[in-house]
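Subject: Structure handover

Hello,

Here is the structure I said I would pass on. My notes on what was found follow below it.

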Amino acid sequence: MTDITAQKELVQAHMGSLFDGVEMDNDGDLSIRYGSSRVFVRVHEFAEDSALAMVFSPLLSNVENTAELRDYVAFSGADYVFGSFLLIDRGEGKVDLLMKHNLLADHLVADELGFVVAGIASTCDELAAELAGRFGGEVFHPEAPEEAAQ
């Protein structure tokens, strides 16, 4: 088992220098909020002596697993510079729709991480309401950031 403490510390330092309001959850994932989206960064082992920084955002949760949704993911899911779509099976005909992008974390520079996080954040925020209206499901933050602070 590889010790990836150094890579986790590097990613945490980059996130803290790039974004305000970085949070860490119980799993050790770092996250930021951007509008209706929340972007997570999870560092995990990869191969023998490497680590990946998985950048992901839950775009919709608890969505009906329909042929139309699967077609959308298959035909539009790779249209973005940063990230592609992924469906996670929740059972009982429901799925979660995520956007995800992997980066090698061993020598990750701040700008690279920042562009991917910002790209996924803005894309998910832009698409959330449209896709919820089209496919149903729930966005991560349905309320505006100002409303959440009250």
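This is a predicted model: local features need pLDDT of at least 70, side-chain atom pairs count only at pLDDT 80 or more; totals for chains, interfaces and linings use all residues.

Phe 40 has a relative accessible area of 11%, so Phe 40 is buried.

Phe 40 sits in strand β3 (residues 37-46) and Phe 56 in strand β4 (residues 50-64), so the pair ties together parts that are 16 residues apart in sequence. Phe 40 and Phe 56 are both buried.

Phe 40 also pairs with Phe 140. Here the centres are 5.9 Å apart and the planes are at 70°, so the pair is edge-to-face. Phe 140 is in the loop between α3 (110-135) and α4 (145-149), while Phe 40 is in strand β3, so this contact ties together parts 100 residues apart in sequence.

Elsewhere, ring pairs link a cluster made of Tyr 72, Tyr 80, Phe 85 and Phe 135.

Some notes on α3. With 26 residues at 1.5 Å a residue, α3 should span 38 Å, and its end C-alpha atoms are 35 Å apart, which agrees. There is a bend of about 40° in α3 at Ala 128. After α3 comes Gly 136, which has a positive phi, near 85°.

Regards

Notes
Residues are numbered from 1 along each chain as its sequence is written. Side-chain values use heavy atoms; hydrogens and water are left out. Helices (H or I, at least four residues) and strands (E, at least two) are DSSP runs, numbered from the N terminus. Buried means under 20% relative accessible area, exposed over 50%, partly exposed in between (1.4 Å probe, protein chains only). Rings of Phe, Tyr and Trp (its six-membered ring) pair if their centres lie within 6.5 Å; planes under 30 degrees apart count as stacked, over 60 as edge-to-face and the rest as tilted. The expected span of a helix is 1.5 Å times one less than its number of residues. The bend at a residue is the angle between axes fitted to the seven residues ending there and the seven starting there.
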